[in-house]
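Please read the following report with the sequence and the model open beside it.

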Amino acid sequence: MQSRFFLLLFVMAGLVVAFAPFPVRPIAPQERTFRIEAGQFAYSSSEIKVNPGDTVNIQLVSTDVVHGLYVDGYDISIEADPGQTKTLSFVADKPGSFRFRCNVTCGAMHPFMIGKLSVGKKVWFYRSIGLSIIAIIGFLKFPRRPVLITAH
Amino acid sequence: MKRSELLSRIFITVAVLGAVGAPLFVWARTPLIHAKVAEDGGWNPDVIQANAGEPLFLKLTSDDVVHGFAVGQMDMQSVDVLPGKVSNVTLTFDKPGIYTFFCTRWCGLNHWRMRGTIEVSGSPSDHEPALSEAAEPLYVTLGLDIDAPHDALVIPRSQPSAISGQQLAANLPIDLSTDYYRAYSPYQVFDELPNTSLTESQSWDVVAYIWQSNTTNESLSDGQQLYAQNCAACHGENGAGNGVFADDLAASGESSMQTMAGADQMTMQTPVDFTDPTRMLGASPALLQGKILRGGMGTGMPMWGSIFTEEQIWDLIAYLYSFQFDYHRGEAQ
């Protein structure tokens, strides 16, 4: 009987961790400017973090050949020649993590020229950690029932 | 099979083969030009033959990065040359002569070395004089040594303003003609200003006004565009000589330098800082024209004589002086 109670408790805890609204303080959107230097075959700051609602300005500086920057999910892009800095401005209205990648063929390793845009906290990352901890406790708490194998 | 049917069958076969085959034949005969970065060989082929007055068809593709194709001194839209794609270009040359084609998208430190020639044949007598017979540039007429030092001995304490110069110049006997402007450096003009009650900074303002009155908004914006596309990668987007390639040029050492006096006399020179008044105010437009036309100077400066038209070079020069003078055209009107 007590084991059933605990089972129910664990299931409830799991649901809370998975679906409870994340305690995030509302942050006033602001304007953020990033300078990204693109060279063969990497972005010099390849990870940018913003809060949802921020206005993001990405200044793309190309240091060798023509490079581009395309943001997955947002479906926007710019292209910069060396000596001609271009700015990509957008409002980060979609939360999550997005790849940005070079969209101008810039040489042999061009497909590997990628970076990451993080909008907001990694909610599902923290939720999955919580769920894993509950699962581990659950496995340790409940002794496994012996499995009966009936032979003819 | 009736005789008429056989004839019509033959006729249709020939017509279809002709309609499909003839364009295919022309297309297959069109040379495919491969573009690679200069270190790997640049354009291949880099010499193209053509006839004056006849259209020249070209197919272009890139083997590595994004390149561009344009012909110097020709009023044409540059064509992007992309890896894995074939771009088609049709050119018609009115005059015979040797034309230079060049890469228009920055493809690395040696981007500007990516050039080739189109040899256009035809009898020059039927047409205008050939390209090579252009008038000699102003610096040659004036006998300027474009390699001599040309520092200004006095520089203004603050940026000269053309607007206040205009008011001061109203009562002065100054020469605003293009000939005068092109032949003298701002410092020379400053030095030769009639001895009046003007202070030093007021005199510089008058010089700024003379320079402003020899340029137009269109000329400045054309010059700005040319500067961004062709100069900013080394000389910097704000003219300070600190473009993205400035460090790479220094690192590559001798290979980025050229000198007529041999390797022993090579000294590393960084791209010129156009915001430096000592050098810029000591340089006349004619001197700058010579430097842009010829290039060199013991540095990796390309020669632009075969690329830019004379008008484009004057536009570019007008823009270069805007790093020194405060024109503020918007407020003037």
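Gln73(B) lies in the loop between β5 (67-71) and β6 (79-81) of chain B, where helices (H or I, at least four residues) and strands (E, at least two) are DSSP runs, numbered from the N terminus. This is a predicted model, in which local features need pLDDT of at least 70 and side-chain atom pairs count only at pLDDT 80 or more, while totals for chains, interfaces and linings use all residues. Residues are numbered from 1 along each chain as its sequence is written, and chains are lettered from A and ligands numbered from 1 in the order in which they are written.

Although Gln73(B) is not a glycine, its phi is positive, at about 60°. With 17 other C-beta atoms within 10 Å, Gln73(B) is partly exposed; a residue is called buried if 20 or more other C-beta atoms lie within 10 Å of its own, exposed if 12 or fewer, and partly exposed in between, with C-beta atoms placed from the backbone. In chain A, Asp75(A) is likewise not a glycine and has a positive phi of about 55°, and it is found in the loop between β5 (67-71) and β6 (76-80) of that chain. Asp75(A) counts as exposed because it has 7 C-beta neighbours inside 10 Å.

|---|---|---|
| Gln40(A) and Phe41(A) | about -5° | between β1 (31-39) and β2 (42-43) of chain A |
| Asn44(B) and Pro45(B) | about 0° | between β2 (43-44) and β3 (47-51) of chain B |

In chain A, four strands form an open sheet with mixed pairing, in the order β2-β1-β4-β7, and two strands are said to pair if DSSP finds at least two bridges between them. The strands β2 and β7 (86-91) of chain A stand at the edges with a single partner strand each, so one side of each has no neighbour in the sheet. Further inside the topic of pairing, β1(A) and β4 (residues 55-62) of chain A run parallel and are joined by eight bridges, and Thr33(A) stands opposite Asn57(A) in β4(A).

The domain assignment, whose bounds come from an automatic or database source, divides chain A into domain 1 (2-23 + 127-141) and domain 2 (31-120). Taken over C-alpha atoms, the centres of these two domains of chain A are separated by 39 Å.

## Chain B and its helices

Chain B has 13 helices and nine strands, and buried residues make up 37% of its 333 residues.

What is the crossing angle between the axes of α7 (residues 217-230) and α12 (residues 310-321) of chain B? These axes come within 7 Å and cross at roughly 90°, so α7(B) and α12(B) are roughly perpendicular to each other. Axes are lines fitted to C-alpha atoms, for helices over the stretch in contact, and angles run from 0 to 180 degrees between N-to-C directions; angles under 35 degrees count as roughly parallel, over 145 as roughly antiparallel, 65 to 115 as roughly perpendicular and the rest as oblique.

## Where the chains meet

Between the two chains, 15 residues of chain A are in contact with 17 residues of chain B, a contact being two residues whose C-beta atoms, placed from the backbone, lie within 7 Å.
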